[in-house]
Every structure is written in C-alpha cells, then in structure tokens.
Amino acid sequence: MSRAVLEVDDLTRRFGAVVANDGIGLRVRPGEVVGLLGHNGAGKTTLVSQVVGLLRPDGGTIRVAGTDAVAAPATARRCVALQPQAQAPLDGLTPRMAIEIAGRLRGMSRADSRAGARALADELDIGEWFDRPATPDGGGLSGGVRRLTAFAMAAVAPVPLIVLDEPTNDVDAARRRRLWKVVRRLGDEGAGVLLVTHNVTEAERVVDALVILDHGRVVAAGSPSQLRGSSDADLQLELSLHPDGEDPSESIAQVPIPINRRVRAGRRVLLTLAAVDAEPAVAWATALRRTERIDGYSLAPATLEDAYLAATSSANANTTRTEDAADV
Amino acid sequence: MSEQNTLSPPAPRSAGVPPRIGIWLSYGNLLRWMMAQTGAMLPFVIVVQALLAAGIIIGFGFVIPDIDTSSAQFLSTGTPTVLLMFIGLVMVPHSVAQARTTGTFTYLRSLPVPRPLLLLADLAIWLLVALPSVAVAVVVAHLRYGFGYSFDWPVLLTASVLASVTATAVGYAIAVSLPPLITQLVTQVLVFFVMLFSPVTFPASQLPAWFQAVHDVLPFRAAADLLRAGLLADTYTASWRDLVVLLVWCALGVAIGVRALTRRD
C-alpha cells in the first residue's frame, strides 16, 4: 500500500479551556476520498487550519506527503490545496482569471492552467459566468458560482492532498452533483481528498472512508458500510414522538422485534432492524400510532445518518438525556 | 462509482512534494490577483485624493486670513504627505481589517507562496494607488496659488516612495495587531493627529518644544520635510535624520506585518 498523503497522529489543540482537537488520528491515502464529519464546533476547521499551517498544534504530529507539516509549514502548503469554508477573494476577478492564477501559483504552465480552468468550468457548468468579473459586496457572481470557482481553484493543479471545507454550500442541486463527480475524479486520478462537511447524506455517496468527530475526538471511523454497522439489507424505522410524549422504545425490552441500534435525536427515534422483521415492525408502529402514542412513523433502508447520530450523541448522553446506541 | 474506480486508468498525479516555484513567478501572479481587486477602485481613489487635496489647500487657506506666499507654499507642500498618510493609515488598515473579517487574509495565508510576499504585493499595489496623490496635490496647489516649484527629482521620488511605503507598512501593522473594529477607530484618530497636530501643513516652530521633540521621532514631520525638500529644493533641504526616522518606521511596520503573516497562533 502506498504511503498516506495525510497522516495525523494524536493531534491536540486547545483554545483556553476548550479542547478543540483531542488526540485526533486519521489517514488519507492517495486515491482516497475521506469524509470528515461532525456537528458545528466538533473541531473540523481547527484540524484543517493546522494542516495548512494557520494554527500550531499543542501536541501530536501532522505529515503531508511525508513532510512534517508542523516543522515545515511552507513545504506542507505546497502539497495541500484548500477550499476554505469562507468565500475566496474573487472581487475584481473573473472565474477564468481566478482559476488560472491558482494554477500558476502552483507551478502550472500558462497553457496548462488555461486548459485546466476551461475543463473545470465545463465540468462544473459555470461557462456562462466564466468571463464575468465578481464585484465587491457579492455582486457580479452569485454565491454558488463563487463557491464553485473556489472549488475549481483548489482542484485545478495536481497536488497530493486536496482539502474541501463544505464545498457545496450555496451550490444548486444539479451543480452539486457535478462537483461530487469532480471530487470522485480527483480521487481516481490519485489525489487524496479530505472532505469536511456536516452533510452526512451527501458525503455518503462520494467517500471511501469516514471519520466522525465529536467534541474534538474521533468517535467513529471506517468505510460507510462499516459505519452503518449492518448489512445493506437493514431497515430503519423512524418514530416521530409527540412533544413531551413518552418514548415507546425507551426500554428496548418493550419493543416486540429485535433492534440492532437505537438512536434518539430530539423527537425522532431511529431504530435499525433486519429486513425480515419489517412486517411486525410496521404492525407495531401502526398500533402505536392508532393509540396515539406516537405522531407518525416511516420505514426506509438504513442510512449512515443514524450511525452518525449514534456516534455523535453518545458522547453527550448524560447532558441531553439521549440514550446510548444499544447494540443488542 | 466503484465500477468507475476500476475502469479509469490512474492519471499521473504524484503523491510527492510538488517542486518549489520561482519567487518572481509567485510575486507576479499575486500582483495580478491583488491588482484586479484593488485596481478597480483606482479611479475612485484618485478623485478622493483630488477632493482631499482641494479641501486642505483651499480649505485651510480660508483659516489663515491674508495668507502669504511662504505660508501657502508650506501648506501646499505638506498636502502630499497628508494624502499619503491618509491612504497608508486609513485606507490600508480598512482594507486589511476587511480582509481579516471576510476570511481573505486567512485564505491568502494558506496559499503555496512565501507569506512575506503577500505583504510585498500589498506594498506595491498601495504604492501605485498612493503615488498619483503627490501629482494631484501639486496641481491643485498650483491652480490655487500659482507659485512655482523647484523640483529635486531624486529627493522627491525617494521621499514619495518611502513615505508611501512607510505609511502603508505602519497601517498594515496596525490592522494586523488590533481587532478590526478598534483598527477603524485608531486610524480615524491617527488621521486627525496627522492633519491637526502634526507639523505637516504648518511649521514645527508653532508647536511647544516638547511636542516638537515628539515629532522628531514620529514619521509625519520627517515625511513632510523630505517631500518638501523635493518640491521646493531652493528653500528647503533634505536631512539624513528624517530619512533614517522614516526607514526605521518602515522596517518596524514591515517586521510586524511579516510576523502576523507568518505566525501560527
């Protein structure tokens, strides 16, 4: 196996009393798209800022393409292309100029950067605005086109590691799909991609592996199917509770069918069960609704979302009265 | 998606460290980038400079009744300094504070270029914005008072560039050292200090001795006297001391700016 382009070990970073990153370890290998998931404030952006040398870690190591990013941040920056969560400074520039300059700053020839910019504009379907300058205070180009341009600026040059921080914010559904295709292509061409997001459903479709952060710690890691923790045939029963209503699955023993995992998020309860138990599950849920013990229910194929919620809610179970994931 | 994985041949994307690119190539592209951002407001800035110059040269003229030629000359030849200081100490910090608020500052710091180049590019762009103000002030003063100049071009050029770069570097240093909101306040106070409490548009002899001593180490009188020596070489001579004072402030501003760009919190 080839060496990872991003190796983070035992990374710790504090802001005063808050531990934003608490002993984080993760790997991104060439050709791999790794999703970094977590709620707001989970420590995702803090991690990224240390990789590109904007913040200094309190402890632990970061290696980018084999380079010690803490000791040699300038070298590490040459190996990482970042699309930050904030908008890139595009005022006065056209998408064409911005993408070409980004390529030139990474050592591409004039012809290569020009061809690369054109190709990405076509892939992302932003040709219509390719030569329109962005003007100050958000004029000229929409937020979505600016975001796609910033993405293209990170994607145009061949670098070992690409870090994308919420790349699809403000982007319409059709172009989101195009963007994910480019992300997949970058991985297939051999780049490592670290995709920072809190959108579990979108990430699930493009990533090879996922790392879930919660309160600065890695609470789960693995491939999407590993994290789903169940066979693809599993189903998810979602119960919508009444406001302040009791939870009929509070005690697993009261549920008449075997439950692989139970997660509660506010008024929603997500129960993972085997496909063969679909019929009794529907019967049970229908009875609950008829007796008005629940507001409603739905049954669908199991997704990563409940695994994600299970992983991120277990850490603060005591404070929010959310039950731990119960593995039966 | 996974079927595609196995079908598409891996393109040559190396996993090694990309080679370092030439410093001039980096600088040139940074300048292109920043010029596109700032260049759009250049005509606007020149109009503001002309208005400010008229405000000082004509407006201050009203404050002094029966102004004689030497006072008019002093006032007029101090005006370029006020304009350069206004750009460096108000417009530059405003722009940097905005860049810090919007994330532009962070974005630029994450680029694969040596970070001091970011400051050098800013200095060059603002120099380009500021230099026309010297010409604007000279023309406005000539139209109002009609006196002639005796240019010492090497002194004038050196003084203009140094005063502009120093003001920009100090303004940059202020904006990276203070929170954005405080930066706005400080720069407003500074511009009043330069216009009303600095011997730029009036002779230092009108100030109390202790305040003159303060201005011996501040960059404002030094910049004004150097520029005046370049504009009225027959009457005023440049002093090495003023040059050294400006150079020290310039170096201090650059050092603080570079430190803020390269530091990892």
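In chain B, helix H2 passes helix H6 in a right-handed crossing, the near helix being turned clockwise from the far one by less than a right angle. Welcome to this predicted model, where local features need pLDDT of at least 70, side-chain atom pairs count only at pLDDT 80 or more, and totals for chains, interfaces and linings use all residues. Residues are numbered from 1 along each chain as its sequence is written, while chains are lettered from A and ligands numbered from 1 in the order in which they are written.

**Two helices of chain B**

Two packed helices are described by the angle between their axes and the distance between the axes. For H2(B), residues 23–39, and H6(B), residues 116–130, the angle is about 45 degrees and the axes lie 9 Å apart. Axes here are lines fitted to C-alpha atoms, for helices over the stretch in contact, with angles from 0 to 180 degrees between N-to-C directions.

From H2(B), residues including B:Tyr27, B:Leu30 and B:Met34 meet residues of H6(B), among them B:Leu117, B:Ala121 and B:Ile125. A contact means C-beta atoms, placed from the backbone, within 7 Å. The residues of this helix contact divide into twelve nonpolar, two polar and one charged. Ala, Val, Leu, Ile, Met, Phe, Trp, Tyr, Cys and Pro count as nonpolar, Asp, Glu, Lys and Arg as charged, and the others, Gly among them, as polar.

**Chain A and its sheet**

Chain A has eleven helices and 14 strands, which are DSSP runs of at least four residues (H or I) for helices and at least two (E) for strands, numbered from the N terminus. Four of the strands form an open antiparallel sheet in the order E2-E1-E4-E5. Strands pair if DSSP finds at least two bridges between them; five bridges join E1(A) to E4(A). A:Asp9 stands opposite A:Thr61 in E4(A).

| Strand of chain A | Residues |
|---|---|
| E1 | 6–15 |
| E2 | 18–28 |
| E4 | 59–64 |
| E5 | 67–68 |

Helix H1(A), residues 44–51, packs on this sheet and touches E1, E2 and E4 of chain A.

**Where the chains meet**

Which chain gives 39 residues to the contact, and which gives 36? Chain A gives 39 residues and chain B gives 36. On the side of chain A, H2(A) brings the largest share, six residues.

Definitions and conventions
Contact = placed C-beta atoms within 7 Å.
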